[in-house]
Structure formats: C-alpha cells, structure tokens
Amino acid sequence: GGLSVGIGIGLQNMVQNFTSGISVIFGQTIREGDVVEVGAITGVVKKINIRSTMVETFDNAIIFIPNSSFLNSTFTNWTHNNRRVRKEIAVGVAYGTDVQHCLALMLKIAREHPKVLFYPEPTSYFINFGASSLDLILRFWVREYNDALSITSDIRLKINEVFAAEGIEISFPQLDVHMRTDNDVTAALAQSDAENAPAEESREDREETKEQA
C-alpha cells in the first residue's frame with residue numbers, strides 16, 4: 001500500500017510537470033533567451049524541456065526548474081516584450097541643499113550617458129523628507145538588460161563626482177551619543193546625597209524629640 005501511494009505521488013508530479021511543460025511551450029510565457037526570476041533564482045532560459053526548464057544564472061550555474069513552478073507561482077520575465085528595462089538610483093542629500101539644482105544635475109548626467117535612452121526620457125523626483133536626508137530618485141531606461149548594471153554603476157560614479165565638485169553633501173544616517181564620564185556620575189551622586197541630607201537630619205531630630213518626650 002505504501003509503495004502504491006509513493007508511486008502514485010511520483011506519477012502525479014511527473015504528469016503535472018509534463019502538462020505544465022506543454023503549457024509553457026505552447027503558451028509562450030517564457031522563451032529561450034528570456035531573463036527570468038523565479039524565487040531567488042535569476043538567469044537566462046537556455047532550454048525548455050517537457051518536464052523542466054534549464055536556466056543559466058549570471059554566475060554560470062545551470063539550474064533545472066520544474067515547469068510547474070512557472071504555473072503554480074508568480075515569476076518575473078524581464079525580457080518577455082523586449083530587452084529594454086528601467087532602472088532607478090536613489091540619492092539622499094543633506095537638509096538645506098538646493099533640491100532643484102540636484103535634480104537638474106542628475107538629469108543632465110543621465111542624458112549624457114551614451115547608453116541611456118532618450119525616449120522614454122530620464123526623470124528625477126524629490127520623493128521624501130527622510131530622517132537624515134532629502135530623498136531624491138533618478139529613473140532612466142536602457143536598451144539592453146545585460147548592460148543595466150554597468151550603466152547604473154557609471155551614473156552613480158558620475159553623480160558622486162559631480163556632487164563632490166558642486167559641494168553637495170550626500171547624506172547618511174547619523175546618531176548622536178552623549179557619553180557620561182566617571183566625574184559626571186560622582187558629581188550627580190554627590191548632588192543627590194546633598195539633597196537627601198536635610199531630610200535625613202530632620203527625621204533624626206523628630207525621633208530624638210519623641211524620645212525626650
């Protein structure tokens with residue numbers, strides 16, 4: 001009986017992956033060459049089989065993903081329509097900084113990069129009053145998904161360089177800590193003893209008066 005149950009569960013999984021493979025192949029939800037993200041796995045689809053899909057990660061690892069994973073859960077296909085992708089860069093500047101000037105500089109940097117698309121055009125926004133910074137964001141589009149990381153790095157380097165030249169401080173979380181030395185603690189204890197001394201003396205005087213009575 002146990003063997004029959006095990007065989008039944010195994011066949012059920014095989015049939016599920018088989019039917020899922022047919023749905024994936026004919027449904028065209030993913031195609032060879034697409035960049036997909038399934039859970040914590042991101043990579044390029046190399047081959048779609050009946051039971052599983054072969055995905056090559058950017059670390060050159062080959063992972064076989066059951067086809068049922070593409071139908072039973074949510075996944076991301078970054079290049080289903082085309083390989084164009086939008087990227088974002090968040091920057092926090094110190095309070096008191098000219099926000100309009102910062103936004104204009106960020107836009108200028110993005111527009112001057114040769115691999116950033118003119119349309120849709122880059123945009124920059126002032127999004128929030130942060131705890132330690134004025135929060136800005138730059139959004140831009142690149143034509144090729146594989147170039148997105150290097151282009152984002154180039155623009156971050158340029159923003160850091162231009163802001164430093166303009167005297168604009170890129171903010172970071174700060175915490176003020178007040179340290180008390182041993183002398184401060186001794187002084188506080190001495191002050192506390194001085195405040196409590198009259199009360200103790202008056203209590204002793206009352207007890208002495210009661211004894212005399």
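Student: What makes β3 and β4 a hairpin, and what is the phi of asparagine 60 in the turn?

Tutor: Four residues lie between β3 and β4 in this hairpin, and asparagine 60 in its turn has a positive phi of about 70°. The model is predicted: local features need pLDDT of at least 70, side-chain atom pairs count only at pLDDT 80 or more, and totals for chains, interfaces and linings use all residues. Residues are numbered from 1 along each chain as its sequence is written, and side-chain values use heavy atoms, without hydrogens and water.

Student: How do you know that β3 and β4 pair?

Tutor: Pairing requires that DSSP find at least two bridges between two strands (E runs of at least two residues, numbered from the N terminus). β3 and β4 (residues 62-66) have five, in the antiparallel sense, so they count as paired. Methionine 54, for one, has phenylalanine 64 in β4 as its bridge partner.

Student: Why is threonine 57 called buried?

Tutor: Buried means under 20% relative accessible area, with a 1.4 Å probe and protein chains only. Threonine 57 has 13% relative accessibility, so it counts as buried. This residue belongs to β3 (residues 52-57). Leaving aside neighbours within four places in sequence, threonine 57 is in contact (heavy atoms within 4.5 Å) with Ile41, Thr42, Gly43 and Ile63.

Student: What makes the residues Val93, Leu138, Phe140, Ile155, Ile159 and Phe163 stand out in the largest nonpolar core?

Tutor: They touch the most other members among the 28 residues of that core. β6, α3 (99-112), β8 (134-142) and α4 each supply at least two of its residues, and α3 gives the most, with eight. A nonpolar core is a set of buried Ala, Val, Leu, Ile, Met, Phe, Trp, Tyr and Cys residues joined through side-chain atoms within 4.5 Å. Leaving aside neighbours within four places in sequence, isoleucine 155 has contacts that include Ile89, Ile109, Leu138 and Phe140.

Student: Which elements each supply at least two residues to the lining of the largest pocket?

Tutor: β6 (85-93) and α4 (148-165) do. The lining consists of Phe58, Trp78, Val85, Lys87, Tyr145, Asn146, Ala148 and Leu149.

Student: How many helices and strands does the protein have?

Tutor: There are five helices (H or I runs of at least four residues) and eight strands. From the N terminus on, the order is α-β-β-β-β-α-β-β-α-β-β-α-α. Of the 213 residues in the protein, 29% are buried.

How values were computed: Buried < 20%, exposed > 50% of the residue type's maximum accessible area, 1.4 Å probe, protein only. 1 Å grid on protein atoms, 1.4 Å probe; cavity = no way out; pocket = protein on both sides within 12 Å on 5 of 7 lines; lining within 4 Å.
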